[in-house]
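Please keep the sequence and the structure in view while reading.

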Amino acid sequence: MDSQTMTVAKENLKLRSPIEDYPFYVLIETSGSNGSHDEEKLSQFLEHVMGTGIVQDGTVATEPTKIQNIWSMRERIAEGLMHDGYCYKYDVSLPLQSFYGLVEAMRERMGTIVTRVIGYGHVGDGNLHLNLTSPEYSTEVMDKIEPFLYDWVANHKGSISAEHGLGFKKKNFIYHSKSKSAVRLMKDIKHTFDPNMILNPYKVLPDF
């Protein structure tokens, strides 16, 4: 989570952070067979990364209420963004060296025509949730986002789809991530198993 994501949680949702303000936040959850052992290992890890300067601050939550409070700051972000008005949501994957670069590029490109640009996601697998907001839907905003965003992702060896897939909104942008030969193969496989196009219709595969 970046700092602007945390701002959404605190200002739009009135949630309280257990630590001070920083540029980035990482939420780690463990789920082992021995809670005491997990807590000890996580505390040792936090002590180590803070001691080496990799992390500036942190906290370990073991009580269910505290765990839920921390998770709320991540899980309720979509709700918090809607307080701004309209939200333009993107789910992409990028190499870690380019992971946050897209957020910075979009902030520079969009300027003041949007309320905010935030980035959060799953840093372990390079899955970035990019969200932009404006008071209401704007074709000017959309035209500045697409296809620039997809071109940027393609140029940095990423994929325009991640955990939420292509769906029907992104299907005609598939060529930013897949070659024409790959798409033809996908269509052939689809036709073999679903000749009547009744499974998950109108999604994933492009119109052309």
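How many bridges join β2 to strand β3, and which way do the two strands run? In this predicted model, seven bridges link β2 to β3 (residues 127-134), and the pair runs antiparallel.

**Sheet**
- β1, β3 and β2 lie in that order in an open sheet of three strands, with antiparallel pairing.
- β1 (86-93) and β2 (116-122) are the edge strands, each pairing on one side only.
- From one strand to the next, the twist averages 20°.

**Hairpin**
- β2 and β3 form a hairpin, with four residues between them.
- Gly126 sits in the turn and has a positive phi of about 70°.
- Val117 has Leu132 in β3 as its bridge partner.
- Ile118 has Asn131 in β3 as its bridge partner.

**Burial of β2**
- Five of the seven residues of β2 are buried, so the strand is largely enclosed by the rest of the structure.

**Val114**
- Val114 is in the loop between α5 (101-110) and β2.
- Is Val114 buried or exposed? Val114 counts as buried because its relative accessibility is 9%, and the cut-off for buried is under 20%.
- Leaving out residues up to four places away in sequence, Val114 touches Thr133 and Val141.
- Glu40 is 74 residues from Val114 along the chain, and their C-alpha atoms are separated by 44 Å.

Notes. Residues numbered from 1 in each chain as written. Predicted model: local features only at pLDDT ≥ 70, side-chain atom pairs only at ≥ 80, totals over all residues. Heavy atoms only, no water. Pairing = 2+ DSSP bridges. Axes fitted to C-alpha atoms, helices over the stretch in contact; angles between N-to-C directions. Buried < 20%, exposed > 50% of the residue type's maximum accessible area, 1.4 Å probe, protein only. Contact = heavy atoms within 4.5 Å.
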